[in-house]
Amino acid sequence: MTIKPEEPKQPGKLIICSTPIGNLKDISLRVIEALGQVDAVLAEDTRVTCKLLNHLKINPPLERCDENVIRSRLDSLVERILDGENLAYVSDAGTPSVSDPGAVLVSAVRDKGLTVEVLPGASAVLTALVASGFTAPGFYFGGFLPRKAEKQAKLFEQLASLPAVLVFFESPHRVMATLKAIELAYPNRRVCLARELTKLYEEVLIDTAHG
């Protein structure tokens with residue numbers, strides 16, 4: 001009797017799943033399908049993701065993978081994908097790896113020559129940019145602004161000559177101070193404040209910067 005050698009195990013993949021930024025109807029069919037089929041979902045905040053999964057009526061294994069633990073878990077996660085697991089990564093809202101720790105996981109998986117599949121979806125950055133109506137040859141997204149006034153001022157100085165719409169995230173508690181800093185750096189510049197995007201009480205305010 002001839003015994004056939006075992007076929008080598010095929011590696012799995014990392015699936016980056018974009019989730020709604022507010023309105024749960026904005027999730028894509030591809031993301032719903034992926035979340036229902038993967039071996040585990042890696043979540044920035046399991047409590048937030050659990051609410052989404054309950055809404056979708058799917059119950060995959062859910063694992064914490066926020067900025068405090070993701071670097072310590074990289075080797076084991078890559079090993080699991082090498083062993084054939086398909087893992088999904090989701091942030092609290094929007095497209096992962098944009099101003100969240102998912103980028104280091106994508107890089108680690110890519111470094112091993114493994115597959116990373118990105119399922120596009122909602123983006124607070126693009127939603128706010130389009131809602132503003134601002135036009136320029138391009139746009140610059142800077143993530144969260146520095147908290148210290150000196151670093152903010154230096155950043156604004158560096159970007160002053162950039163022919164682009166500047167897009168940043170900012171905490172509601174620091175908005176007024178940031179508007180004052182923008183007013184000092186860019187007198188008479190138009191500013192758009194966008195909050196609660198896609199939700200019932202969405203607000204998009206446009207005016208000249210003043211603190």
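Modeller: The buried residues of α1 are covered by elements that include β1 (13-17), β2 (40-43), α2 (46-56), β4 (87-90) and β5 (115-119). Contact here means heavy atoms within 4.5 Å, and the elements are DSSP runs numbered from the N terminus, with helices (H or I) of at least four residues and strands (E) of at least two. The model is predicted, and residues are numbered from 1 along each chain as its sequence is written. Local features need pLDDT of at least 70 and side-chain atom pairs count only at pLDDT 80 or more, whereas totals for chains, interfaces and linings use all residues; side-chain values rest on heavy atoms, without hydrogens and water.

Helix α1 spans residues 29-37, and its buried residues are Val31, Ala34 and Leu35. They lie on the same side of α1, because they cover an arc of only 95° around the axis; the arc is that of the directions from the helix axis to the C-beta atoms. An α-helix has 3.6 residues a turn, so residues three or four places apart point the same way. The face of α1 turned away from the buried side carries the exposed residues Leu29 and Gln37. Buried means under 20% relative accessible area and exposed over 50%, with partly exposed in between (1.4 Å probe, protein chains only).

Several of the covering elements return in the nonpolar interior. A nonpolar core is a set of buried Ala, Val, Leu, Ile, Met, Phe, Trp, Tyr and Cys residues joined through side-chain atoms within 4.5 Å. The largest one has 18 residues, and Leu14, Leu42, Leu87, Tyr89, Leu105 and Val109 have the most contacts inside it. At least two residues of this core come from each of β1, β2, α3 (70-82), β4 and α4 (102-111), and α3 gives the most, with five. A second, separate core of 16 residues includes Val38, Leu52, Leu56 and Ile58.

Charged pairs complete the setting. A salt bridge is a side-chain nitrogen of Lys or Arg within 4 Å of a carboxyl oxygen of Asp or Glu, and by this rule there are 11. Asp45 pairs with Arg47, their closest N and O atoms being 3.0 Å apart. Asp45 counts as buried because its relative accessibility is 16%, whereas Arg47, at 62%, counts as exposed. Glu85 and Arg80 meet in another salt bridge, at 3.2 Å from N to O, and Glu85 is partly exposed at 24% relative accessibility. Both belong to a network of salt bridges that links Glu63, Arg73, Arg80 and Glu85.

Gln152 lies in α6 (residues 149-159) and counts as buried at 6% relative accessibility. The side chain of Gln152 reaches the backbone oxygen of Pro146 at 3.1 Å. Leaving aside neighbours within four places in sequence, Gln152 is in contact with Leu145, Pro146, Glu170, Thr178 and Ala181.

Technical notes
A polar contact is a pair of N or O atoms within 3.5 Å; within protein, one must be able to donate a hydrogen and the other to accept it, and residues adjacent in sequence count only if both atoms are side-chain atoms.
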